[in-house]
Amino acid sequence: MSLFWVVIRQLAEFEAMATSKKVITKEEWEKKLNDVKIRKEDMNKLVMNFLVTEGYVEAAEKFRMESGTEHIDLATITDRMAVKKAVQSGNVEDAIEKVNDLNPEILDTNPQLFFHLQQQRLIELIRNGKVEEALEFAQEELAPRGEENQSFLEELERTVALLAFEDVSNCPVGDLLDISQRLKTASEVNAAILTSQSHEKDPKLPSLLKMLIWAQNQLDEKAVYPRINDLSTAMLEDPTV
């Protein structure tokens, strides 16, 4: 991420300069980039961190062989992705079983995660039109937890409200039936498993890209320089005055 450090350095230099914007040519900018040395080993670790955290098993193994980065336990990634896929598919009971097979303490020590998984089970029952089963499940499994935690109670009430609408498209809590709700729960489980395995729960690369965008926005106020406007290509665009 040499570009990020160049932008930060340039910001520091401009703090002591006049308010008029300086124009930096593409040639000057590329020279600054070339002057920043980042070890290939560190870049490889950054890529591997992303692949492992996001669960790209085959890509992680291929990259490990090609780059020579440290050995990783691919089985743990496969098991974690099986849990994530189960939640994303609506098979929450299967996901809970898989989590307990991996490490029973994950759910035992994380009541919020367990509640959200049970809430997702309730949502899936409602989605499948199993009204009586949904009401019974809510009463037996979720209501007691709601009595102990006001936040859980509010989430439970919001979820049960789905039953009051025949047409969920006009339901104010219809978003609970969106695929995004499954993805949200799956991401929460994924993060908990990573934490239990002493891994970082979020990949570093997206955070660095957000920092790059922030740094460029700050530098925009002080200089005209070759920006990266498309992160997918990382192409430097000629500065325009």
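1. A residue is called buried when its relative accessible area is under 20%, exposed when that area is over 50%, and partly exposed in between. Keep these cut-offs in hand for proline 104. Its relative accessible area is 44%, so proline 104 is partly exposed. This residue sits in the loop that runs between helix 6 (92-102) and helix 7 (105-108). Please note that the model is predicted.

2. On distance, take proline 104 together with leucine 125. The two are 21 residues apart along the chain. Their C-alpha atoms are separated by 25 Å.

3. Now the whole chain. How many helices and strands does the chain have? There are 12 helices and 4 strands. The radius of gyration is 24 Å, while the globule rule gives 18 Å for 241 residues. The value for the chain is well over that of the rule, so the chain is more spread out than a compact globule. The spans of the C-alpha trace along its principal axes are about 70 × 45 × 30 Å.

4. Next, burial and surface. Of the 241 residues in the chain, 36% are buried. The accessible surface is about 14,500 Å². Carbon and sulfur atoms hold 50% of that surface.

5. Contacts along the sequence deserve a line. Consider the contacts between residues at least 6 apart in sequence. Among these, 59% join residues at least 24 apart.

6. Charge comes next. The chain carries 28 positive side chains and 44 negative ones. The centres of the two sets lie 10 Å apart.

7. Look inside the fold. In soluble globular proteins, nonpolar side chains tend to be buried together. Here the largest nonpolar core has 17 residues. Which residues have the most contacts inside this core? They are Leu122, Leu142, Leu156 and Leu162. Helix 8 (111-127), helix 9 (131-148) and helix 10 (150-160) are the elements that each give two or more residues to the core.

8. Leaving out residues up to four places away in sequence, leucine 122 touches Ala134, Phe137, Ala138, Leu142, Leu156, Thr159 and Val160.

9. Check the backbone at two residues. Most residues other than glycine have a negative phi. Serine 198 has a positive phi, near 65°. Serine 198 is in the loop between helix 11 (179-196) and helix 12 (204-220). Is serine 198 buried or exposed? Its relative accessibility is 69%, so serine 198 counts as exposed.

10. Alanine 234 also has a positive phi, near 60°. Its place is the loop between strand 3 (227-228) and strand 4 (236-237). With a relative accessible area of 43%, alanine 234 is partly exposed.

11. Serine 232 lies in the loop between strand 3 and strand 4. What is its relative accessible area? The value is 66%, so serine 232 is exposed. Compare its position with that of serine 207. In sequence, serine 232 and serine 207 are 25 residues apart. In space, they are 15 Å apart, C-alpha to C-alpha.

Terms used:
Residues are numbered from 1 along each chain as its sequence is written. This is a predicted model: local features need pLDDT of at least 70, side-chain atom pairs count only at pLDDT 80 or more; totals for chains, interfaces and linings use all residues. Side-chain values use heavy atoms; hydrogens and water are left out. The radius of gyration is taken over C-alpha atoms; the globule rule is 2.2 Å times the number of residues to the power 0.38. Buried means under 20% relative accessible area, exposed over 50%, partly exposed in between (1.4 Å probe, protein chains only). Contact means heavy atoms within 4.5 Å. Accessible areas come from the Shrake-Rupley method with a 1.4 Å probe; for residues, only the protein chains shown count as cover. Lys and Arg count as positive and Asp and Glu as negative; His and the chain ends are not counted. The place of a charge is taken as NZ of Lys, CZ of Arg, CG of Asp or CD of Glu. A nonpolar core is a set of buried Ala, Val, Leu, Ile, Met, Phe, Trp, Tyr and Cys residues joined through side-chain atoms within 4.5 Å.
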